Amino acid sequence: MKKILILLQKEFIQVFRNKTILPIIFVLPIVQLLILANAATQEMKNIKLALIDFDNSSESRSLVNAFDHSKFYSLIPVRGGVEKAVELIDLGEADAVLVIPEHFGENLVEGTPVNVQLMLNAINITAAALTQGYTSGIIQGYTSSISIQSSNIIPTKQSVRHWYNPDLNYKLYMVPGILVILVTIVGMFLTAINIVREKELGTIEQVNVTPIKPYQFIVGKLVPFWIIALFELSFGLIIAKLVFNLTIVGSTPLLFGFAAIYLLVALGLGLILSTSASNQQQVMFMAFFFMIVFLMLSGLFTPTESMPKWAQWFNTINPLYYFMKVNRMLILKGSDFGNLRESFISISLMAIAVLSFAILRYNKKSA
Amino acid sequence: MMKNVIEVENLVKKFGSFVAVNNLTFTVGKGEIFGLLGANGAGKTTTIRMLCGLLSPTSGKISVAGYDAYTQPEQIRANIGYMSQKFSLYSDLTVWENIRFFGGIYGLWGKALKGRALELVEEFKMHDFKDIMVESLPVGWRQRISLAVSLVHKPPVIFLDEPTSGVDPVARRMFWETIHHISSLGTTVIVTTHYMDEAEYCHTALVMVDGKIGALGKPGELKQKYVVETMNELFLSLARNGNTKS
Amino acid sequence: MAQSSFLNFITKEFKHIFRDTRTLLIVLVMPVIQLLIFGFVISSEIKNANYAVLDYSNDYLTKRLVQRISSSGYFNFKGYLNSYGEIEKVFKNGDAKLVLIIGNNFSQKLQNDRFANYQVVTDASDPNTASILASYVQGIVNSFTTEYFGLTRQKQRVSVQSRMLYNEEMNSAFMFVPGTMVLILMLVTAMMTSISITREKELGTMEILLVSPLKPWQIVVGKVIPYIGIAFTNVLVIILMGYTVFHLPLRGNMLLLLGVSSLFILLALSLGILISTLSKSQAVAMFISMFALMLPTILLSGFIFPIENMPKLLQWLSLIMPPRWFLSALKTIMIKGQGFQYVLKEVMVMIAMTLVFIGLSIKKFKVRLE
């Protein structure tokens, strides 16, 4: 026990002296949260629309006005016909082209159906779909305000209540996800690099000749990063609160409890990686690769239910999936232990399995 | 019956089909300075690593400080000191911190640890730089510190793997004076080196050639036996013979 | 003599890389796996969303409605709830993302008034999914009720005919294939190069090289050549996969594409070299690469999130990110199929950046030697 304390003391001195690790621990969460959360948005904020009005009636001009007044659109002047307008999309100066045909106003008043043409830059299909949606919405809204009879009979009306995030703020959804990334980087990445570094520099050998048993060495290596990772989580949460006003709806101790167990898995993985790599470069790439795959499948950007069956099967052994889920559910919805029991059990089993395997493997390699 | 601090019998180490250490047998008594000499690749480092428990032998007997290497590795580790080629100290810790760390590892605690650390600082004249980071110190000084650290728990045996590599002749001389001092106090010292002149400083020398014993005995006696003036010449003639044989 | 030692050096570098099978494997396989994940796992379609129903009417019609929703492919029916109070638990357990609430007399209201309300409660912790699911429900309910009651759905007065330019089939590969290319090239060239050069520094072997007959530029070039090879291989693999597996049409001039890619490789290399001059250890190199390169690449290059939707500050920030320019050029060539004059701006910017990075690197290198 005493020996473990000595190891811990040494690790902490080294971490605090390390000019790389410290900035990472503090700067990383700030940068990630600020940039990612602000960049990540699915709304279309500024659609550059090139409007061609062949009709030039009072109705068509009202329609043009509707777009002009909308804060989501900026109208791009078009000099010339439809071809010129499409060229604007080619050049990237416009996102969409809307063509109002001749006799638009006449037909509308008479009640004859009329077509408008909308051309969209569909490279980014999400953006295109959203743009199409918005634009159609504005057009429909406009036309129904004109005619006396309602233009469609929609027999049902939906009233929607969005719980937990009534403003539909995408950032709130992303922030817990980023916290998962932060904690995993510290818990898995840094640990793996740290251990391999000692291997590379030879200091591990010096410890191997001492009476330090392998388990003591492992504990001495993992505990500091466990603590630092939990600290990272708190730091990240504080920043999230300051910048996004994110409040944890659920129980904070429960969150940390889960994180603590999750970290055992992450640390274990870091240890396994360090025994599989002979130098820092290798371990960095291996860790990076695994993290990316796990991360993408964990539901960071898209919900896991929409993934193919095999991906969902895989996620049962993906620790990031559980942490992502629990993080979001606890922070945004206030899920408690009863709701999250399955995830707790799964992650605990994983922790036992991964750590045992890691320790056995480390023992074998150093024997 | 602990007559010999180290006993090695028919020690063999194979890496695949390559035989790095081929049937070594020797003993080392208390307070002896035992030199493992030979060219790079002759098997010195492999041998010393087996004695320290860093590598497991393919076959053969090893006993260190009275403990059997196969069944009592823990006890061996608690009773040896080790200094490696790279002087593996933590470069981002100070000298003092390194001493205290390794002292703690070997079970020294509290006042006893502090006392022993101060002793070492005194003995090795490290007052001026005990609070300086190891990475800022020149190689020669690091070597001295590594030696001090290997002695922190007063082990009966210390293993020094190429301790004077890359160190200037003056520092080397001083180093060997220290070694002699230590051995005169009863510590057994096993040294590997490829500087043949350093063999003169050892009580017993084992010259390894291609993993086998090329010559084993007191330097003075060996020189007489082989009719050479220096250990260097002895080594060269052995090496030449070894080459012609293979 | 200097020539042969240069060749020797390059050979050694290649050996290094090829012997490190693990890293090599990862670097060659990563683009493939990434493309596969993007293509088959991460889709922007929402389906199989769990939902529950609170049905106060509970008649033949509402049951049919529920059936219709459940078989739409978007939704996965989890069951009926008994009270409003149960919704909270259902959400907190994560058992459903949406609850449909049908009030009393739903069918009667529809019959008599030709109009009825209904409610939808969503778990908007995932706001995107929530709003999309709500609109799906609306669509299904609308068409169901219209059909069921034989209400003529009057033709819309104004119909919007949309044409999706460049991407008629709405193939998501158009987005993630170029994006993956940018990401992988950044990773392989910039990050690996910087780590590799820094490694020599850290292990102390750089000094050995510096005192050898090799000139500094030869050292750098020698170190970098293998990575150019790997990066180029990645480019080809990605394009090939895009074409075969993801039906990405090969529009645009292949030569132009490879040319611009090579320019970016050069750019990324110079960036990697610059980073190595700034890093004392491999861990530092890697972290700088990660945070100055990878994250911005993913976030600010326009790969996943459109730049135009970002706050102004971030939009300006993205201007100094090399990946943003390369991605833009890639899309123009690969998807719009346009020629050189359309990517002139991007090419100029990339050349300028490369020169800046090389210039800075040389300066830093010289300072070190002094």
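# A predicted model of chains A, B and C

Asn23(B) is a residue of strand β2 in chain B, where strands (E, at least two residues) and helices (H or I, at least four residues) are DSSP runs numbered from the N terminus. The structure is a predicted model, in which local features need pLDDT of at least 70 and side-chain atom pairs count only at pLDDT 80 or more, whereas totals for chains, interfaces and linings use all residues. Residues are numbered from 1 along each chain as its sequence is written, while chains are lettered from A and ligands numbered from 1 in the order in which they are written.

- Most residues other than glycine have a negative phi, and most peptide bonds are trans.
- Asn23(B), which is not a glycine, has a positive phi near 65°.
- Asn23(B) counts as partly exposed because 14 other C-beta atoms lie within 10 Å; with C-beta atoms placed from the backbone, a residue is buried if 20 or more others lie within 10 Å of its own, exposed if 12 or fewer do, and partly exposed in between.
- Ala65(B) also is not a glycine, and its phi is positive at about 55°.
- The position of Ala65(B) is in the loop between β4 (59–64) and β5 of chain B, and with 19 other C-beta atoms within 10 Å this residue is partly exposed.

**The sheet of chain B**

- In chain B, four strands make an open sheet whose order is β2-β1-β4-β5, with antiparallel pairing; two strands are taken to pair if DSSP finds at least two bridges between them.
- The edges of this sheet are β2 (18–29) and β5 (67–68) of chain B, each of which has a single partner strand, so one side of each is left without a neighbour in the sheet.
- Strand β1 (residues 4–15) of chain B is joined to β2(B) by nine bridges, and the two strands run antiparallel.
- Glu7(B) has Thr27(B), in β2(B), as its bridge partner.

**The fold of chain A**

- Chain A has 14 helices and five strands.
- Its radius of gyration, taken over C-alpha atoms, is 28 Å, well over the 21 Å that the globule rule (2.2 Å times the number of residues to the power 0.38) gives for 367 residues, so chain A is more spread out than a compact globule.
- The C-alpha trace of chain A spans about 95 × 45 × 40 Å along its principal axes.
- Of the 367 residues in chain A, 46% are buried.
- Among contacts in chain A with a separation of 6 or more, 77% come from residues 24 or more positions apart; two residues are in contact if their C-beta atoms, placed from the backbone, lie within 7 Å.

**Asn315 of chain A**

- Asn315(A) belongs to helix α12 (residues 309–315) of chain A, and it is buried because 20 other C-beta atoms lie within 10 Å.
- Not counting residues up to four places away in sequence, Asn315(A) touches Leu297(A), Thr304(A) and Tyr321(A).
- Leu297(A) and Asn315(A) are 18 residues apart along the chain, and their C-alpha atoms are separated by 7.0 Å.

**Domains of chains A and C**

- Chain A is divided into domain 1 (47–146) and domain 2 (166–366), with bounds that come from an automatic or database domain assignment.
- Between domain 1 and domain 2 of chain A, the C-alpha centres are 49 Å apart.
- For chain C, the assignment gives domain 1 (2–41 + 172–369) and domain 2 (49–148), and the C-alpha centres of these domains of chain C lie 49 Å apart.

**How the chains meet**

- Two pairs of chains are in contact, and of these chains A and C share the most contacts.
- Chain B and chain C do not touch, their nearest C-alpha atoms being 12 Å apart.

- Phe159(B) touches Ile48(B), Leu51(B), Cys52(B), Ile80(B), Tyr82(B) and Ile190(B), when residues up to four places away in sequence are not counted.
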